[in-house]
Amino acid sequence: MSAVSDSLRSRAGARWWEFAIWLLLLVLPLLLPKHSLLISEITIIALFAMSLDLVLGYSGIVSLGHAAFFGAGAYTAALFAKHINPDPLTGLVFATALTAVLGLVCSPGILRGSDLTRLMVTLGIALILQELANKMDQITGGADGLQGVVMGPVLGYFEFDLMGQTAAWYALAITLLVFLMLRKLVHSPFGFSLKAIRDNRLRAQAIGIPVHARLITVYTLAAAIAGLAGGMQAQTTSFASLDVFGFDRSADVLLMLVIGGTGWLWGGIIGAVVFKTLHSMVSALTPQYWTFWIGLFLVLLMLVGREKLLRPWTWGRRS
Amino acid sequence: MLTLLFDGVAYGMLLFVLAIGLSITLGLMNFINLAHGAFAMAGGYTLVLLMQKAGWPFLPSVLMAFAVSALLGLLLEVTLYRRMYQKPHLDQVLFSIGLTFMAVAAVDYFVGSTQQLVQLPEFLKGRTELWDGALGMGHYRLAIILVCALLAMGLQWLLVHTRFGAQLRASVDDRRVAAGMGINVNTIFMATFAVGSGLAGLGGALGAEVLGLDPIFPLKFMIYFLIVVAVGGTSSLTGPLLAALLLGIADVAGKYYVPKLGAFIVYTLMVLILMWRPQGLFSRGNT
């Protein structure tokens, strides 16, 4: 018994390189002040990818509409700042809470049925929200996007500057907090029960794991974190537009997770960095047709097997 | 009112022909092919390019659209799709999204991103009004309904009364047992995939005038095909047919009566139906 719990616990500890990377990330806005906006953008996307990993990598639920929660968070945060209170943290808490409720409401849709049903329900929810945001244009600004959002200073002290340094630190700090929380979570008995559900749902049920309750909890949590990421995106850019709900966004974040590897927390971060770098490189070469190369990359990756990407030593072997 | 119903039926019939290939692919190999719309787009562009650049008449171009998409489906099935059947659903989804992205960008590159127009032949233009205009039928839509209904009946006959159909049904029901009985499941699937892609191309060609045709066609209509399949189930032809008709009518009527809500109604309806019956409205039992 103690051997088992020791072996489970041994993986839970943070490695030295994780501290080193986070330290580097936190001073990055000082080192590269000109790229602060890009840093905050990537950080937010990484957080978004992490939230999807909770659903996909840890619980094995394929979602094609995770952008629903990202977008809901973005619009909530933007509207909250515009009409109620410009304080960023209050807005963020509000956006997170609201998307958590949305996630809870939507979670029955992912419990039953096949992968196709889940795909359709998640995709459908994103489309419904997009359509709502599009048609309720007196509130959301419709296709023009929601403009005129003015954010207050963070903690009443740090103004958002044009360079984006405050935004970068704001995003990094919150992402670090969520990362630490998720790290605790996935190495807890709760996290292990999720993996058990992913690997064999029937067996998990048989050994007494409340499958439905666990899935509802994790889906709600993932929705809340996605909403948090969306809220930060709206706050740091002072803008929200319909593309936050877009299918492209859901597909991109899936791709990021696949690049970085599913089922571990760094996957989202690595994936976001690699994806954004690739994106800016390819679109510098062919601005209009970069989706072609992304598509080609996806097709090739899936043909050789995505698990090989992170393990170069297996490249020579046949699967 | 009747006119709306008529338009909805035409739209639904079109969706049925577009989506039936997807339904069979999903039922037979449990493969989620999000790139199905790309085959439809291939058909649509074959028609448009043949008519505009080569000066072909309408009807041969439609047939050619079927042939080109079927051939494309056959090629891709043998070279790429076949390797993906055993992979998890996530891989299949990403693979087919990748194919879709490539198709969208490639068409954009070669043909351009503008909406394509189709010149209908004279005998398909015009409109018949019945009962003092209570029912207005566009001749082209009438032709679509006729062709699609004939196709649906033909497919039903193929499925129920031929040896190939029996083998196909056996493979859908249980692939391993079918293979054990000496049915060459791979060949069956190759043929089915090609025909399904061809039908998608045919639907894309016929629908180019009604649905519009531009490079983002596969993404725009992907959700509609998936709705037909997910709501209709994959176990029969009637399920997807009814689902397609329902979707067509709901979409046309919804956009006419409450244009403010747009596609909202259709999506909400779909999510509710799937929450209520995750296996689809018309599935046999549940698995």
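The model is predicted, with local features requiring pLDDT of at least 70, side-chain atom pairs counted only at pLDDT 80 or more, and totals for chains, interfaces and linings using all residues. Residues are numbered from 1 along each chain as its sequence is written, while chains are lettered from A and ligands numbered from 1 in the order in which they are written.

Within chain A, helix H13 (residues 247-260) and helix H14 (residues 266-285) have axes that come within 7 Å and cross at roughly 110 degrees. H13(A) is therefore roughly perpendicular to H14(A) (a term for angles of 65 to 115 degrees). The crossing of this pair is right-handed, the near helix being turned clockwise from the far one by less than a right angle. Residues in contact (C-beta atoms, placed from the backbone, within 7 Å) include A:Leu255 and A:Ile259 of H13(A), and A:Trp266 and A:Phe275 of H14(A). By class, this contact holds 10 nonpolar, four polar and one charged residues, with Gly counted as polar.

Between the chains, helix H15 (residues 290-304) of chain A meets helix H4 (residues 89-110) of chain B, their axes coming within 7 Å and crossing at roughly 150 degrees. H15(A) is therefore roughly antiparallel to H4(B) (angles over 145 degrees).

Note on methods. Axes fitted to C-alpha atoms, helices over the stretch in contact; angles between N-to-C directions. Helix = DSSP H or I, 4+ residues; strand = E, 2+ residues; numbered from the N terminus. Parallel < 35°, antiparallel > 145°, perpendicular 65-115°, else oblique. Contact = placed C-beta atoms within 7 Å.
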